Amino acid sequence: MMTRRFLQLLIGLAMYGISLAMFIRASLGTAPWDVLHQGLAAKTGLSLGTVVVIVSFLVLLLWIPLRQWPGIGTLFNAVLVGVFADIGLAFIPAISHVGGQAGLLIGAVLLNGVASACYIGARLGPGARDGLMTGLARRTGWPVRVCRTGIEVVVLAAGWLLGGSVGVGTVLYALAIGPLVQLLLPRFTVPELQRPAPAADPAVTAA
């Protein structure tokens, strides 16, 4: 079971990074955090994947006052998504045709939904950004949706000011990713191993 969980985690993170590259190449807008990543990459000259990794570890520092602890999946997430984003950008060409951009955007949303369900369903720890959201909700008592919306509005605004791409893809992601992950997550969640019930004591049974 652990082997399946670990493989599912790695596959999910690889697909997530590739989906991020697809969003960028579609040039129609991307998810709020990736708007920030894109803006930082443009300002610093670093590769997008490098920025994703750096931001992930900076976000993990914010877990400390929230008393949120990473799992092995959290650490793999912090590194591998950025690595596979750069791999995807190296192999996926930029597309200028609107039809091709739209197809790539839809494919990115779908792949991102599958990827999210895979790595969340592996149950090896949340991503740095998801953990920030849930940790903030736990410590403040605010609803998760309020914490998520607040965080994403802040990073979206910061990314846009830095030159990140905001567009129809940003709106499509916001509307589609929640329902898509909710639909797919039961199919990818690795069930907990059921321990066999202890055998009855013959002496007790006889009595």
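A disulfide is a pair of cysteine sulfur atoms within 2.5 Å. By that rule, this predicted model has zero disulfides. Cys118 has a relative accessibility of 5%, under the 20% limit, so it counts as buried. Cys147 is buried too, with a relative accessible area of 3%.

**Overall build**

The chain holds nine helices and zero strands. Read from the N terminus, its elements run α-α-α-α-α-α-α-α-α. Along its principal axes, the C-alpha trace spans about 80 × 35 × 30 Å. The chain has 207 residues, and 42% of them count as buried. Its accessible surface comes to about 11100 Å². Carbon and sulfur atoms account for 71% of that surface.

**Aromatic pairs**

The count of aromatic pairs comes to three. One of them joins Phe6 and Phe76. Their ring centres lie 5.4 Å apart, with 85° between the planes, and the pair is edge-to-face. Phe6 belongs to helix α1 (residues 2-26) and Phe76 to helix α4 (residues 72-91), so the pair ties together parts that are 70 residues apart in sequence.

Phe6 has 29% relative accessibility and counts as partly exposed. Phe76, at 28%, also counts as partly exposed.

Another pair is Phe23 with Tyr173. The ring centres are 5.8 Å apart and the planes meet at 75°, over the 60 degrees required, so this pair is edge-to-face. It links distant parts of the chain: Phe23 sits in helix α1 and Tyr173 in helix α8 (residues 168-188), 150 residues apart. Phe23 is buried, at 2% relative accessibility. Tyr173 is buried as well, at 7%.

The table sets out the two pairs.

| Pair | Centre to centre | Angle between planes | Type |
|---|---|---|---|
| Phe6 and Phe76 | 5.4 Å | 85° | edge-to-face |
| Phe23 and Tyr173 | 5.8 Å | 75° | edge-to-face |

Helix α1 takes part in both: it holds Phe6 and Phe23.

**A charge over a ring**

Which residue places its charged end over the ring of Trp33? It is Arg129. The charged end lies 5.3 Å from the ring centre.

Methods:
Residues numbered from 1 in each chain as written. Predicted model: local features only at pLDDT ≥ 70, side-chain atom pairs only at ≥ 80, totals over all residues. Heavy atoms only, no water. Phe/Tyr/Trp six-rings, centres within 6.5 Å; stacked < 30°, edge-to-face > 60°. Helix = DSSP H or I, 4+ residues; strand = E, 2+ residues; numbered from the N terminus. Buried < 20%, exposed > 50% of the residue type's maximum accessible area, 1.4 Å probe, protein only. Lys NZ or Arg CZ within 6 Å of the ring centre and 35° of its normal. Areas by Shrake-Rupley, 256 points an atom, 1.4 Å probe, with all protein chains shown as cover.
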